[in-house]
Amino acid sequence: HSVLEVQGGKRALIAKSQRIYELALEILCLFRPDPMSTWHWAQRAKARALSDVLGTGAVLPARILEELAHYPDSLQLIQQERDLVARLNHVSPEKRLDLRGELNGLWQQMMQAAHLAEYLELRLGLALDADDLTILLTPAEQTEPACLCVDWVAVGDRLFLLALRPGQPAHLERLPLRLSTVRTFVQDNLSRANFRSNLRDTPEVLQDMAPLIAPLATLSHPED
């Protein structure tokens with residue numbers, strides 16, 4: 001296949017996977033409201049999007065490479081993974097199935113190594129769950145600031161604010177602003193050509209977007 005054909009196929013796959021997340025969020029926001037499940041799907045969507053952007057052939061962050069330099073065996077597994085992925089793009093469809101099985105087996109082997117967890121999160125689009133978040137963000141001392149995690153979710157032209165404080169139930173709130181309204185505002189006021197001058201000379205224009213953050217007045221506390 002040509003490079004253009006491969007890239008076109010990848011874009012089509014990404015579009016289909018994004019549609020799965022869109023449908024899940026639509027169900028959980030509109031038809032069967034479930035803030036906690038919505039939060040999980042939103043994190044999975046972001047993790048998958050990051051994985052799609054990076055791609056299996058992307059350069060790893062320097063910090064991860066430095067950590068893995070202490071594990072030569074793991075670096076060898078990563079090289080095997082890259083070789084398999086490279087071969088996938090150049091074999092016939094009937095051989096591709098066998099290679100995918102081999103690649104999945106390699107990923108299962110890599111999952112047994114704790115120091116490869118972050119690498120696999122990037123490669124496979126794995127998301128943190130609520131328990132992981134609680135461990136990461138619960139203050140060790142009472143004097144430390146607490147954390148409130150906030151996402152904005154679009155379902156069609158509707159916008160929702162999704163907030164989660166570690167160790168507590170998630171909160172989902174529908175916003176009065178439409179996604180199309182926000183996009184028009186960004187285009188008119190925060191384009192590359194005028195956003196600096198607008199923020200300097202007429203910052204009050206941002207009040208039009210105040211509904212995007214209004215729920216945080218009650219969901220957050222000072223110093224969060």
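**Reading salt bridges, cores and a hairpin**

Modeller: Let us start with the side chains of Arg 200 and Asp 201, which meet in a salt bridge with an N to O distance of 3.0 Å, and let us keep in mind throughout that this is a predicted model. Arg 200 counts as exposed because its relative accessibility is 60%.

Colleague: Which parts of the chain does the pair of Arg 165 and Asp 224 tie together?

Modeller: The side chains of Arg 165 and Asp 224 meet in a salt bridge at 2.9 Å, N to O. Arg 165 lies in the loop between strand 2 (158-164) and strand 3 (171-178), while Asp 224 lies in the segment after helix 10 (216-219), so this pair ties together parts that are 59 residues apart in sequence. As for accessibility, Arg 165 counts as buried at 12%, whereas Asp 224 is partly exposed, with a relative accessible area of 36%.

Colleague: You mentioned the loop between strand 2 and strand 3; in which sense do these strands pair, parallel or antiparallel?

Modeller: Strand 2 and strand 3 pair in the antiparallel sense, over five bridges, and as one instance Leu 162 has Leu 172 in strand 3 as its bridge partner. The two strands form a hairpin with six residues between them, and Gly 167, in the turn, has a positive phi of about 85°.

Colleague: Turning to the nonpolar side chains, which residues touch the most other members of the largest nonpolar core?

Modeller: That core has 17 residues, and those touching the most other members are Ile 78, Leu 103, Met 110, Leu 116 and Tyr 119. The elements that give two or more residues to this core are helix 3 (62-68), helix 4 (72-88), helix 5 (93-110) and helix 6 (117-124). Setting aside residues up to four places away in sequence, Leu 103 touches Glu 81, Leu 84, Val 85 and Leu 88. There is also a second, separate core of 14 residues, which includes Cys 29, Phe 160, Leu 162 and Leu 164.

Colleague: Is Ser 74 buried or exposed?

Modeller: Ser 74, which is found in helix 4, counts as buried because its relative accessibility is 5%. With residues up to four places away in sequence not counted, Ser 74 touches His 115 and Leu 116.

Colleague: Finally, how many disulfides does the count give?

Modeller: The step of reasoning here needs the cut-off, namely that two cysteine sulfur atoms must lie within 2.5 Å, and by this rule the count comes to zero disulfides. Cys 147 is in no disulfide, with the nearest cysteine sulfur, that of Cys 149, 6.4 Å away. In terms of accessibility, Cys 147 counts as partly exposed at 30%, whereas Cys 29 counts as buried at 7%.

Key
Residues are numbered from 1 along each chain as its sequence is written. This is a predicted model: local features need pLDDT of at least 70, side-chain atom pairs count only at pLDDT 80 or more; totals for chains, interfaces and linings use all residues. Side-chain values use heavy atoms; hydrogens and water are left out. Buried means under 20% relative accessible area, exposed over 50%, partly exposed in between (1.4 Å probe, protein chains only). A salt bridge is a side-chain nitrogen of Lys or Arg within 4 Å of a carboxyl oxygen of Asp or Glu. Helices (H or I, at least four residues) and strands (E, at least two) are DSSP runs, numbered from the N terminus. A nonpolar core is a set of buried Ala, Val, Leu, Ile, Met, Phe, Trp, Tyr and Cys residues joined through side-chain atoms within 4.5 Å. Contact means heavy atoms within 4.5 Å. Two strands pair if DSSP finds at least two bridges between them.
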